[in-house]
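Biologist: Could you take a close look at one part with me? I would like to go through the sheet and what surrounds it.

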Amino acid sequence: MALEIIGAGFGRTGTYSLKAALERLGFGPCHHMSEVIGNAEQIRLWSDAAEGRPDYTGLFEGYRAAVDFPVAAFWPDVLAATPGAKVILSERDPEDWYGSFSQTILPLILDRAAWPEDRRAWFEMIEQVIIHRALGGRTDRDGILAAYRANVAKARDMAQDGRALLFHPRHGWEPLCRFLGVAVPDEPYPNTNKRAEFFASVKSGIEEAAG
């Protein structure tokens, strides 16, 4: 099964809500970091991809869509490997995004002393994928925001040609469904993964993976 939808938006831009929305629209299962955290094979494959040995067929086997990190760090290459896929960039104001990212994902990665030993492979992988691949090795505010804006600019160029959708959760179902050519559901657009929920889900994933 080849990917039909590739998410270009970084984590903390409404990607978990987008995953839920895409699955509701029939484009599931949708790959997301939540699918990776307790999966040793996914961790290995993404670590290989970060080191320049990607196996996109293996990474996305069984998935119709992929959003969030890790795919957001590789989306131009994934698109080149699956040129028929549609690209969706989940948007968020850069300063607002940085405020969330700098209080959730970033400290989780940077506090290496707090990494659980039995989850070290996952933390090492996300450090490579997010810090080194997506952010170009920058962990300072200006560098992170520059990487974020550059990623948005790539997708914006594609959107001008109709090859991508720039999407914010506040837009609701209509632009997403129009872009994908499906009917609008008679229900609210999903609203999930607030900041507290993010940490709870990471903690739950680590504990569950540890048994």
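How do β2 and strand β3 pair, and over how many bridges?

Modeller: Happy to! This is a predicted model, where local features need pLDDT of at least 70, side-chain atom pairs count only at pLDDT 80 or more, and totals for chains, interfaces and linings use all residues. Residues are numbered from 1 along each chain as its sequence is written, and side-chain values use heavy atoms, with hydrogens and water left out.

β2 and β3 (residues 65–66) pair in the parallel sense over 2 bridges; pairing takes at least two DSSP bridges between two strands. Helices (H or I, at least four residues) and strands (E, at least two) are DSSP runs, numbered from the N terminus. Opposite alanine 65 of β3 stands cysteine 30. The pair belongs to an open sheet of 5 strands, in the order β2-β3-β1-β4-β5, with parallel pairing. Its edge strands, β2 (30–31) and β5 (164–167), each pair on one side only.

Cys30 is also touched by lysine 19, as are His32, Ser34, Glu35 and Val67, leaving aside residues up to four places away in sequence; contact means heavy atoms within 4.5 Å. Lysine 19 lies in helix α1 (residues 15–24). With 7% relative accessibility, lysine 19 counts as buried (under 20% relative accessible area; exposed is over 50%, partly exposed in between, with a 1.4 Å probe and protein chains only).

At the other edge strand, β5, helix α8 (residues 141–160) lies across β4 (86–90) and β5, running at about 125° to β5. Axes are lines fitted to C-alpha atoms, for helices over the stretch in contact, and angles run from 0 to 180 degrees between N-to-C directions.
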